[in-house]
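Try each task by yourself, then read the solution below it.

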Amino acid sequence: MRTSGERELAMESRREAAAKEGLEKIKTFLRDNGIKLTMSSGEENYLDHAEGEIVVSSAQSSENVLYTILHEVGHYFLETEFYSNTRIGLLVAEVLAWDRGHDVAAVLQIDIHHEAWQALMESCLSEYLQQ
């Protein structure tokens, strides 16, 4: 019988494997759609819509990298620049991008750990609220 520590380690291993598989799927999707992905050593994550480029910090877990890419893909397909004129508009655009990114994951059959997705989304939204 496994100890709780062993169960947690096994679950983390499964999540890491799912994240790596998801990363391969999203990278293929980006390539097929002519969207460039750049991994950065900095802390910023963003979409450069004019250049068709998503920039994501590699200084985060594989799972968070995957979820961040999905979020930025959400921005790409929403084209919500017009929302960012106000603080509320920016927050609306961010929430919509998280939602659309989740939809993209479902279409691509990328496994999402919903608690981790929610935690990252809430953390990122909190940063916008504090600005």
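**Exercise 1. Find how many helices and strands the chain has, and in what order they run.**

Solution. Keep in mind that this is a predicted model.
- Step 1: Reading from the N terminus, the elements follow the pattern α-β-β-β-α-α-α.
- Step 2: For the overall build, the radius of gyration is 15 Å, close to the 14 Å that the globule rule gives for 131 residues, so the chain is as compact as a globular protein of that length.
- Step 3: Taken along the principal axes, the C-alpha atoms fill a box of roughly 55 × 35 × 30 Å.

**Exercise 2. Work out the order of the strands in the sheet and say which ones stand at the edges.**

Solution. 
- Step 1: The 3 strands make an open sheet with the order E1-E3-E2, and their pairing is mixed.
- Step 2: Strand E1 (36-40) and strand E2 (46-48) each have a single partner strand, so they stand at the edges and one side of each lacks a neighbour in the sheet.
- Step 3: On average, and with direction ignored, neighbouring strands of this sheet are turned by 20° against each other.
- Step 4: Now look at E2 and strand E3 (residues 53-57), which run antiparallel and are joined by 3 bridges. Asp-48, for example, has Glu-53 of E3 as its bridge partner.
- Step 5: Helix H2 (residues 62-78) lies across E1, E2 and E3, and runs at about 150° to E3.

**Exercise 3. Decide whether H1 and H2 are roughly parallel or antiparallel, and list what joins them.**

Solution. 
- Step 1: Helix H1 (residues 4-32) packs against H2 at an angle of about 30°, and their axes are 8 Å apart.
- Step 2: Angles under 35 degrees count as roughly parallel. H1 and H2 are therefore roughly parallel to each other.
- Step 3: Their crossing is left-handed.
- Step 4: On the H1 side, the contact includes Ala-19, Leu-23, Ile-26 and Phe-29, while the H2 side includes Leu-66, Ile-69, Val-73 and Phe-77.
- Step 5: Sorted by class, the residues of this contact are 11 nonpolar, 2 polar and 3 charged.

**Exercise 4. Find the angle at which H2 and H4 pack, and the residues that make their contact.**

Solution. 
- Step 1: H2 and H4 pack at about 65°, with their axes 10 Å apart.
- Step 2: The crossing of H2 and H4 is right-handed.
- Step 3: H2 brings Glu-63, Asn-64, Tyr-67, Thr-68 and Leu-70 to the contact, and H4 brings Ala-116, Trp-117 and Leu-120.
- Step 4: The contact of H2 with H4 has 5 nonpolar, 2 polar and 1 charged residues.

**Exercise 5. Determine how H3 and H4 are oriented to each other, and describe their contact.**

Solution. 
- Step 1: Helix H3 (residues 87-107) and helix H4 (residues 114-130) have axes that come within 10 Å and cross at roughly 165°.
- Step 2: Angles over 145 degrees count as roughly antiparallel. H3 and H4 are therefore roughly antiparallel to each other.
- Step 3: H3 passes H4 in a right-handed crossing.
- Step 4: Among the contact residues of H3 are Leu-90, Leu-91, Val-95 and Trp-98, and among those of H4 are Trp-117, Met-121, Cys-124 and Tyr-128.
- Step 5: The contact of H3 with H4 divides into 11 nonpolar, 4 polar and 2 charged residues.

How values were computed: Residues numbered from 1 in each chain as written. Predicted model: local features only at pLDDT ≥ 70, side-chain atom pairs only at ≥ 80, totals over all residues. Heavy atoms only, no water. Axes fitted to C-alpha atoms, helices over the stretch in contact; angles between N-to-C directions. Helix = DSSP H or I, 4+ residues; strand = E, 2+ residues; numbered from the N terminus. Parallel < 35°, antiparallel > 145°, perpendicular 65-115°, else oblique. Left-handed = near helix turned anticlockwise from the far one by under 90°. Contact = heavy atoms within 4.5 Å. Nonpolar A, V, L, I, M, F, W, Y, C, P; charged D, E, K, R; others polar. Pairing = 2+ DSSP bridges. Rg over C-alpha atoms; globule rule 2.2 N^0.38 Å.
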